[in-house]
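Visitor: I have a protein model open and would like to learn how to read it. Please take me through it feature by feature.

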Amino acid sequence: MYDGTSRPPLSTPARRRRALRATAAAVAVSAALLTAGCGSSQDTAQDAKATAASADGFPVTIDNCGVKTTYDKAPARVVTIHQHPAELLLSLGLKDRMVGTAFPDSAVLPELRNDYESIPELAKKEPSFETVLEAEPDLVYGGYGSAFAENEGRSRKAFADAGIDTHLNREYCGKKRVTMKDTYEEVRTAGRIFGVPDRADELVSDLRARVGKATTAVEGAPEVPVFVYDSGDKSAFTAGGKSLGTELIRLAGGKNVFADLDDVFGDVSWEQVLDRKPEVIAIYDYAGAGSVEQKKKFLLSQTALKDVPAIRNKRFVVLPLTATLVGVRSAYAVEDLARGIHPESFR
């Protein structure tokens with residue numbers, strides 16, 4: 001699984017980066033129930049406060065990758081590390097809570113671009129622990145496991161010790177397989193944390209509708225074999241059966257030719273690519289692994305691949321890496337893939 005660290009360009013074989021797992025857990029705080037006699041003005045005030053808290057959904061306890069955090073109120077100052085959590089929060093209308101972003105992977109969704117650019121960018125990659133502290137956040141929301149890299153001083157425990165809550169995208173919680181359900185649940189979890197569950201439900205409905213429109217368009221069309229090319233030259237770094245990409249391809253009317261690869265990402269040989277005869281190649285686009293044009297040029301120049309249908313017919317679909325992750329972009333990716341795999345269904 002991609003962890004936010006740029007993979008080597010085409011001249012070096014790609015290596016799978018494994019996300020760091022945080023081991024420290026924040027202490028959950030629970031409100032004490034009042035057992036004193038009723039009728040006093042103090043009791044009445046406390047009861048009113050409890051009712052108000054219940055009405056706005058707080059306190060709320062979230063178990064995230066083994067770290068339990070209780071939010072007594074919605075975070076007011078948030079730093080996002082990596083692009084997809086930033087886009088998720090912006091899609092929930094939470095720009096006013098965001099005090100810093102970091103590590104943009106690709107062009108931001110057009111409808112979110114102005115809001116994204118209005119938020120201070122703390123670093124082009126992961127910011128240092130000290131840089132994050134300077135933004136005075138009460139929550140740090142990481143997209144890849146590397147957001148909380150212990151060897152770089154950004155462990156979740158380090159933030160907890162500094163009195164700052166943390167949340168990590170559920171894609172890095174060690175589950176066996178990532179699906180669109182994870183996207184919807186990540187949105188709803190963010191809605192609970194920020195006290196906007198209605199907005200989260202509305203966003204999930206919009207994302208489901210976008211996916212549904214694309215799947216309906218390709219319904220009944222023949223299943224098309226698709227190869228995901230992330231990076232690599234001596235071997236191909238590709239999406240395996242446990243990746244969200246595999247489900248996105250399926251929803252778009254295709255089949256990942258390496259769906260039997262028992263991992264999120266992994267290396268395969270070019271001989272295997274040739275044997276599986278993909279008709280479409282999905283190229284993942286992100287900074288640090290060569291441009292899309294470089295990747296296309298490399299693939300088209302390989303004599304060993306000349307008989308691959310996708311190469312022979314130059315059938316490529318380009319996806320920003322952020323569109324293949326647990327976040328709002330994954331629903332857009334289904335439509336982009338469907339159009340590339342079954343263009344006849346959209347004429």
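Guide: Start with the surface. Accessible areas come from the Shrake-Rupley method with a 1.4 Å probe, and for residues only the protein chains shown count as cover. Here the accessible surface of the protein comes to about 15900 Å². Carbon and sulfur atoms hold 50% of that surface. This is a predicted model: local features need pLDDT of at least 70, side-chain atom pairs count only at pLDDT 80 or more, and totals for chains, interfaces and linings use all residues. Residues are numbered from 1 along each chain as its sequence is written, and side-chain values use heavy atoms, with hydrogens and water left out.

Visitor: What percentage of the 347 residues count as buried?

Guide: Buried means under 20% relative accessible area, exposed over 50%, partly exposed in between (1.4 Å probe, protein chains only). By that rule, 51% of the 347 residues are buried.

Visitor: How many helices and strands does the protein have?

Guide: Helices (H or I, at least four residues) and strands (E, at least two) are DSSP runs, numbered from the N terminus. The protein has 12 helices and 13 strands.

Visitor: Is helix H8 mostly covered or uncovered?

Guide: Helix H8 spans residues 244-251, and seven of its eight residues are buried. Among them are Leu-244, Glu-247 and Leu-251. For the cover, count contacts (heavy atoms within 4.5 Å). The elements covering the buried residues of H8 include helices H6 (180-193), H7 (197-217) and H12 (329-341). Strands S8 (224-229), S10 (254-256) and S12 (280-285) also contribute. After H8 comes Gly-253, with a positive phi near 90 degrees.

Visitor: In what order do the four strands of the open sheet run?

Guide: Two strands pair if DSSP finds at least two bridges between them. The order is S10-S8-S12-S13, with parallel pairing. S10 and S13 (316-320) are the edge strands, each pairing on one side only. From one strand to the next, the twist averages 35 degrees. S8 and S10 pair over three bridges, and Pro-225 stands opposite Lys-255 in S10.

Visitor: Which strands of the sheet does helix H10 touch?

Guide: For angles, axes are lines fitted to C-alpha atoms, for helices over the stretch in contact; angles run from 0 to 180 degrees between N-to-C directions. H10 (residues 292-301) touches S8, S12 and S13, and its direction makes about 145 degrees with that of S12. H12 also packs on the sheet, at about 170 degrees to S13.

Visitor: How many disulfides does a search of the whole structure find?

Guide: A disulfide is a covalent bond between the sulfur atoms of two cysteines. The cut-off is a pair of cysteine sulfur atoms within 2.5 Å. The search finds one. Cys-65 and Cys-173 form it, with their sulfur atoms 1.9 Å apart. The S-S torsion is about -75 degrees, so this disulfide is left-handed. Cys-65 lies in the loop between S1 (60-64) and S2 (67-71), and Cys-173 in the loop between S7 (165-168) and H6, so the pair ties together parts 108 residues apart in sequence. Cys-173 is partly exposed, at 26% relative accessible area.

Visitor: How many residues has the largest nonpolar core?

Guide: In soluble globular proteins, nonpolar side chains tend to be buried together. A nonpolar core is a set of buried Ala, Val, Leu, Ile, Met, Phe, Trp, Tyr and Cys residues joined through side-chain atoms within 4.5 Å. The largest one has 78 residues. Leu-88 is one of those with the most contacts inside it. A second, separate core of 17 residues includes Val-273 and Leu-299.

Visitor: Is Glu-87 buried or exposed?

Guide: Glu-87 is buried, with a relative accessible area of 1%. Glu-87 lies in helix H2 (residues 83-91). Not counting residues up to four places away in sequence, Glu-87 touches residues including Val-108, Leu-112 and Arg-329.
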